[in-house]
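Here is a brief report for a reader meeting this structure for the first time.

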Amino acid sequence: MGRIYNFSAGPAVLPEEVLKEAQEEMMDYRGCGMSVNEMSHRSKMFDNIINEAEADFRKLVGVPDNYKVLFLQGGASLQFAQIPMNLMKNRVADYIITGAWAKKAWKEAQIYGDAAAIASSEDQNFSYIPDCSDLPIRENADYVYICENNTIYGTEYHTLPNTKGKLLVADVSSNFLSRPIDIEKYGILYGGVQKNVGPAGMVISVVREDLITDDCLPGTPTMMKFKTQADANSLYNTPNCWCIYMCGKVFKWLLNNGGLEAMNAANEKKAALLYGYLDESKLFKGTVRKEDRSLMNVPFVTGNKDLDAKFVAEAKAAGLENLKGHRSVGGMRASIYNAMPYAGVEALVKFMTEFEKENL
């Protein structure tokens, strides 16, 4: 069987060019006689890999000098605890709840202090982004927290909240590197890489340097202090060497293909094709308010569970994989990350058109 079109929400599709490069280097990385999977993280060879990856990331995103780039383990979910441990000086934080992951982060933060849900879209099953222009942000809030793109529900912030001068912390796991980023709008921007950047097993956290101190909550483990990781350049302990190597290759692929502005243009084109079809379809319909639609994750339904199941099964047989929606939304979901080619979305829309003709 050849390559399929993989619409998985994560771990997700990676650029074929990157996979082929990794395949070529699997047994012998650049003449050193061993795989990246075998080399010491303290070696000169790996030091070059991690330094090059960070330099390319900084160039790609435009990371200012007063921000640290950390390659951390534990995925985005560990950040739910690490952020309050490091930032909750007043034990007060305000959270905007736009999906399952923002809600989990909020619940975790409640362990460490007074974490309030100051806005939520749960009343309509997270199918929209609440108005964030004038939120009841508290005077002593240490930060305001958002999940910028909601993988499960297919919503995305197209305008950042008005935080009224408070620090903004954002989980960008599923729209990471999909469009240009103004890092200076954030105190911390972080994302699990397995959706749009690399293989599973790592989070990249971009942290403003003044937030990296020893002044953490009492009982914060050494490994959970941003300062521990920053002082050691992400090498305090053995990092996820393979993931750093693979992400580094993706950064080069992005740079070589026009950077984040080119990715944004390509992603808008793919999303316009799919949403355009959904808006005209008599069988399928999108589940998200139009102005809040994600460019990365597109949920849709027929309104009939049996027909949804039939669609997913027949799409799989046609080489269109991982289209089943999350259980909390049902139906289908197409994740069309950076590495999904336009041809993949064309193939999906063609299949949907044929399915609609046969099942209306």
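Buried residues make up 57% of the 360 residues in the protein chain. The model is predicted. Its chain holds nine helices and 14 strands. Of the contacts with a separation of 6 or more, 69% join residues 24 or more positions apart.

The overall dimensions come next. The C-alpha trace spans about 65 × 60 × 30 Å along its principal axes. A compact globule with 360 residues would have a radius of gyration near 21 Å, and the protein chain has 21 Å, so the two agree.

Three strands form an open sheet, in the order β11-β12-β14, with antiparallel pairing. The edge strands are β11 and β14, and each pairs on one side only. In general, strands of a sheet pair through backbone hydrogen bonds. Two bridges link β11 to β12 in the antiparallel sense. Gly286 has Phe300 in β12 as its bridge partner.

| β11 | 285–286 |
| β12 | 297–301 |
| β14 | 332–335 |

**The cavity**

How many cavities of 30 Å³ or more does a search of the whole structure find? The search finds one. The largest cavity has a volume of about 50 Å³. By type, the lining residues divide into nine nonpolar, two polar and one charged.

Conventions
Residues are numbered from 1 along each chain as its sequence is written. This is a predicted model: local features need pLDDT of at least 70, side-chain atom pairs count only at pLDDT 80 or more; totals for chains, interfaces and linings use all residues. Side-chain values use heavy atoms; hydrogens and water are left out. On a 1 Å grid over the protein atoms alone, a cavity is a set of points where a 1.4 Å probe fits but cannot get out, and a pocket is an open set with protein on both sides within 12 Å along at least five of seven lines; lining residues have an atom within 4 Å of a point. Grid points are joined across faces, edges and corners, and a volume is the space filled by probe spheres set on the points. Ala, Val, Leu, Ile, Met, Phe, Trp, Tyr, Cys and Pro count as nonpolar, Asp, Glu, Lys and Arg as charged, and the others, Gly among them, as polar. Two strands pair if DSSP finds at least two bridges between them. Helices (H or I, at least four residues) and strands (E, at least two) are DSSP runs, numbered from the N terminus. The radius of gyration is taken over C-alpha atoms; the globule rule is 2.2 Å times the number of residues to the power 0.38. Buried means under 20% relative accessible area, exposed over 50%, partly exposed in between (1.4 Å probe, protein chains only). Contact means heavy atoms within 4.5 Å.
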